[in-house]
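Here is a quick tour of a model you can turn around on your screen. Have it open while you read.

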Amino acid sequence: TLMSKLSARMGRAHMKLGNVDEADQAIAQTIRISNIARSCHEKIQSHAAERGLQIPREMQQLSEKVLIQCKADATMNLSDLRKMKEDLDGIKTLGGVVKDTESKLARSRNRQIYPR
């Protein structure tokens, strides 16, 4: 569960930094880890039931809750990432970002560059 949580946070951090490819990989990894951990969790529960062992109920619920939340966060981040990719594609089709270095605002903020 810790790895899933860490991977989800890394994906969100990459997205905030604008690292689209890294965010995409981290989100995919989060979903994959969450699914694997969930199936392992279910196997542990069935094995314990077969052997007559009891896993503390609070521990089971907490683990399930964390895994479900990580997967939900990753899914939400994935939809945010798709929107971000669409926005970036839109910017590229319009010619990209153009810096206005001759405007009054640019001159006032960068006085050291322009002669007086």
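## Ground rules

This is a predicted model, where local features need pLDDT of at least 70, side-chain atom pairs count only at pLDDT 80 or more, and totals for chains, interfaces and linings use all residues. Residues are numbered from 1 along each chain as its sequence is written, and side-chain values use heavy atoms, with hydrogens and water left out.

## Salt bridges

Side chains of opposite charge can pair when their charged atoms come close. Searching the whole structure turns up 3 salt bridges (a side-chain nitrogen of Lys or Arg within 4 Å of a carboxyl oxygen of Asp or Glu). Take Arg 12 and Asp 80, whose closest N and O atoms are 3.1 Å apart. That pair links distant parts of the chain, with Arg 12 in helix α1 and Asp 80 in helix α3, 68 residues apart. Helices here are DSSP runs (H or I, at least four residues), numbered from the N terminus. Arg 12 is partly exposed at 30% relative accessibility (partly exposed sits between buried, under 20% relative accessible area, and exposed, over 50%, with a 1.4 Å probe and protein chains only).

Asp 24 pairs with Lys 85, at 3.3 Å between the closest N and O atoms. Asp 24 belongs to helix α2 (residues 20-51) and Lys 85 to helix α3, so this bridge ties together parts 61 residues apart in sequence. Then there's Lys 83 with Asp 87, at 3.5 Å from N to O. Those two are 4 residues apart in helix α3, which means about one helical turn separates them.

## The largest pocket

Which residues line the largest pocket? They are Lys 5, Ala 8, Arg 9, Arg 12, Val 66, Gln 69, Cys 70, Asp 73 and Asn 77. By type, that lining splits into 3 nonpolar, 2 polar and 4 charged. Helix α3 (57-93) gives the most, with 5 residues.

Gln 69 is in helix α3 and is partly exposed, at 43% relative accessibility. Gln 69 and Ala 8 sit 61 residues apart in sequence but 9.8 Å apart in space, C-alpha to C-alpha.

Met 10 lies in helix α1 (residues 2-17) and is partly exposed, at 41% relative accessible area.

Conventions. 1 Å grid on protein atoms, 1.4 Å probe; cavity = no way out; pocket = protein on both sides within 12 Å on 5 of 7 lines; lining within 4 Å. Nonpolar A, V, L, I, M, F, W, Y, C, P; charged D, E, K, R; others polar.
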